[in-house]
Amino acid sequence: MFQLDVRSRKPIYEQLVDKIKELIINRILKPDEQLPSVRMLSSQLTVNPNTIQRAYRELENQGFLYSIKGKGNFVSAIEQMPNEERLKELKTDIKRLIAEAIYLGLTKEDLYVLFHEANHQTKGVNNNDRGTFR
């Protein structure tokens with residue numbers, strides 16, 4: 001389920017955060033589904049348990065997970081995610097990435113294709129095709 005690149009410059013906990021978010025967004029991990037325990041996942045990936053805990057804590061801060069003391073970590077329902085603040089942060093990141101991509105030659109048509117591919121990939125998680133960034 002999780003493949004980490006130990007040679008990557010990206011820290012392992014960030015790779016884990018990105019992979020778990022991808023699994024949640026693509027609905028492979030369902031709302032209220034329990035994630036592997038920190039101990040179990042750290043032994044499977046041969047990673048320090050603190051790294052797993054850090055990734056889980058970051059995902060909880062972002063609203064993708066919730067924890068129940070003594071039970072573990074679970075996938076949050078989409079409705080429970082703090083959308084407004086997270087959406088504002090994402091829009092800022094997207095604008096920065098788009099500006100860089102335009103500088104490197106990305107066209108408006110390329111951007112539309114990328115948007116539609118991502119929208120299709122998430123199977124309509126957020127199907128409002130407003131096309132505006134505020």
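Modeller: A salt bridge is counted here when a side-chain nitrogen of Lys or Arg lies within 4 Å of a carboxyl oxygen of Asp or Glu. The model is predicted, so local features need pLDDT of at least 70 and side-chain atom pairs pLDDT 80 or more, while totals for chains, interfaces and linings use all residues. Residues are numbered from 1 along each chain as its sequence is written, and side-chain values use heavy atoms, with hydrogens and water left out.

I take helix α1, residues 12-25, as the part to examine. Helices (H or I, at least four residues) and strands (E, at least two) are DSSP runs numbered from the N terminus. Beyond the helix comes R27, with a positive phi near 60°.

The charged pairs come next. The structure holds two salt bridges. In one, E22 is paired with K19, their closest N and O atoms being 3.8 Å apart. Both E22 and K19 belong to α1, three residues apart, or about one turn of the helix. An α-helix has 3.6 residues a turn, so residues three or four places apart point the same way. E22 has a relative accessible area of 40% and is partly exposed; K19, at 24%, is also partly exposed. Here buried means under 20% relative accessible area, exposed over 50%, and partly exposed in between, with a 1.4 Å probe and protein chains only. The side chains of K10 and D18 also meet in a salt bridge, at 2.2 Å from N to O. K10 is partly exposed, with a relative accessibility of 36%, and D18 is partly exposed at 32%.

Away from these pairs, α1 has a set of buried residues: Y13, Q15, L16, V17, I20, K21, L23 and I24.

The surroundings of α1 include helix α2, residues 38-45, whose buried residues pack against α1 and against α3 (49-61), contact meaning heavy atoms within 4.5 Å. The buried residues of α2 are V38, L41, S42 and L45. Viewed down the axis of α2, they fall within an arc of 100° and so line one face of the helix; the arc is that of the directions from the helix axis to the C-beta atoms. R39, S43 and Q44, on the other side of α2, are exposed. T46 follows α2 and has a positive phi, near 50°.

As for the whole protein, there are five helices and two strands, in the order α-α-α-β-β-α-α from the N terminus on. Of its 134 residues, 28% count as buried. Among contacts between residues at least 6 apart in sequence, 51% join residues at least 24 apart. The protein exposes about 9900 Å², of which carbon and sulfur atoms supply 52%; accessible areas come from the Shrake-Rupley method with a 1.4 Å probe.

Definitions and conventions:
The expected span of a helix is 1.5 Å times one less than its number of residues.
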